[in-house]
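Hi,

Here is the structure I promised to pass on to you. Have a look at it first, and then read on for my notes.

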Amino acid sequence: MTISTENFLKTIFLLQNDEQTLPSPTAVARSLDITNAAVTDMSKKLAAKGLVIYQKYKELSLTEEGEQIAVTTIRRHRLWESFLLEVLDVPLDKVHDEAESLEHHVSDYLTTKIDEYLGFPDFDPHGDPIPDSSGDFPDMSNFVFLDNIERNIAYKVTRIEHHSIDNLLKLRSLKLIPDSRVDLVEVLDEGDSLLLIVEKEKIVVPKWLAKKVWVKPLKLLSDLPFDQEAIIEDVVADKYKKRRFLDLGFIKGTKINKVMSAPSGDPCSYQIRGTTIALRNNEASQILIQYE
């Protein structure tokens with residue numbers, strides 16, 4: 001499969017599913033920075049190969065085979081973004097462009113090994129969903145925009161809009177990046193901005209920028225009752241601490257329960273994978289869980 005074909009199919013899929021935009025030839029041309037005539041020519045060629053459904057003056061759509069190729073390309077891209085940031089320290093504003101090239105030159109075998117090494121992440125560094133090896137995307141039904149959060153609930157940043165480098169750099173400067181913890185203090189300026197606590201620091205965010213950020217409410221391991229078993233969902237920590245937690249077995253999908261605590265309630269001991277591990281409450285609050 002050629003690079004141009006993979007990019008073409010990926011663009012149609014992303015326009016329809018990520019950007020909620022009808023994948024018209026004009027929209028595809030704008031995204032790929034090519035002419036409408038080039039889009040029409042490519043569409044006809046890929047339609048003949050059974051990858052695209054093309055009708056003159058109609059939006060483009062993918063066949064089942066075309067969608068499979070698009071999803072595989074997206075999976076490779078987003079895993080590369082994760083690897084570049086977490087392992088090679090490539091800055092957040094550069095991982096996308098680097099992954100654009102790498103996504104076309106990696107085998108399924110290496111893609112699987114990268115996935116395993118990273119602990120089977122559901123989302124890339126921008127919070128974009130990573131399809132699994134079967135092509136299924138993670139659930140995002142509980143994501144809400146940052147401007148809709150409530151007080152007295154802790155949230156985790158799950159996704160940020162990254163098509164504008166200026167917005168991306170602004171969000172990064174405010175620490176509003178995936179995995180950051182966010183709490184609402186109050187709404188300011190007659191609803192035009194939010195006073196937030198992000199990673200223990202107070203910041204003011206205008207509502208227009210808050211609409212570029214998705215979050216979800218947190219369930220923390222530190223709040224796990226003794227009589228309740230849970231499943232690890234994610235680790236909200238910098239990459240070094242996250243690597244340590246992964247090495248200790250705190251991997252998505254792993255069962256865990258609280259078995260003991262100090263008289264003061266801190267630290268507590270947890271049973272995971274047949275091993276008992278003691279964590280301070282501030283460490284346990286970095287681990288997200290789901291109750292069974």
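This is a predicted model: local features need pLDDT of at least 70, side-chain atom pairs count only at pLDDT 80 or more; totals for chains, interfaces and linings use all residues.

Most residues other than glycine have a negative phi, and most peptide bonds are trans. With a relative accessible area of 80%, K200 is exposed, because the cut-off for that class is over 50%.

F120 also has a positive phi, of about 55°, although it is not a glycine. You will find F120 in the loop between α6 and β3. Its relative accessible area is 43%, so F120 counts as partly exposed.

With strand β9 (residues 230-235), β10 runs antiparallel, and two bridges join them; here A230 stands opposite I256. With strand β11 (residues 268-272), β10 pairs in the antiparallel sense over five bridges, and M260 stands opposite S269.

The hairpin of β10 and β11 has six residues between the strands, and G265 in this hairpin takes a positive phi near 90°. The loop between β10 and β11 also holds P267, which is joined to D266 by a cis peptide bond with omega of about 10°.

Helix α1 (residues 3-17) packs against helix α4 (residues 64-88) at an angle of about 90°, and their axes are 8 Å apart. The two therefore count as roughly perpendicular. On the α1 side, E6, L9, K10, F13 and L14 take part, and they meet α4 residues including I69, A70, V71 and I74. The residues of this contact divide into seven nonpolar, three polar and five charged.

**A buried histidine**

H126 lies in the loop between α6 (108-117) and β3 (144-145). Its relative accessibility is 1%, so H126 counts as buried. The side chain of H126 makes a polar contact of 3.0 Å with that of E81. Leaving aside neighbours within four places in sequence, H126 is in contact with residues among them H96, R159, H162 and P178.

Which of these would you like to go through together?

Best wishes

Notes
Residues are numbered from 1 along each chain as its sequence is written. Side-chain values use heavy atoms; hydrogens and water are left out. Two strands pair if DSSP finds at least two bridges between them. Helices (H or I, at least four residues) and strands (E, at least two) are DSSP runs, numbered from the N terminus. Axes are lines fitted to C-alpha atoms, for helices over the stretch in contact, and angles run from 0 to 180 degrees between N-to-C directions. Angles under 35 degrees count as roughly parallel, over 145 as roughly antiparallel, 65 to 115 as roughly perpendicular and the rest as oblique. Contact means heavy atoms within 4.5 Å. Ala, Val, Leu, Ile, Met, Phe, Trp, Tyr, Cys and Pro count as nonpolar, Asp, Glu, Lys and Arg as charged, and the others, Gly among them, as polar. Buried means under 20% relative accessible area, exposed over 50%, partly exposed in between (1.4 Å probe, protein chains only). A polar contact is a pair of N or O atoms within 3.5 Å; within protein, one must be able to donate a hydrogen and the other to accept it, and residues adjacent in sequence count only if both atoms are side-chain atoms.
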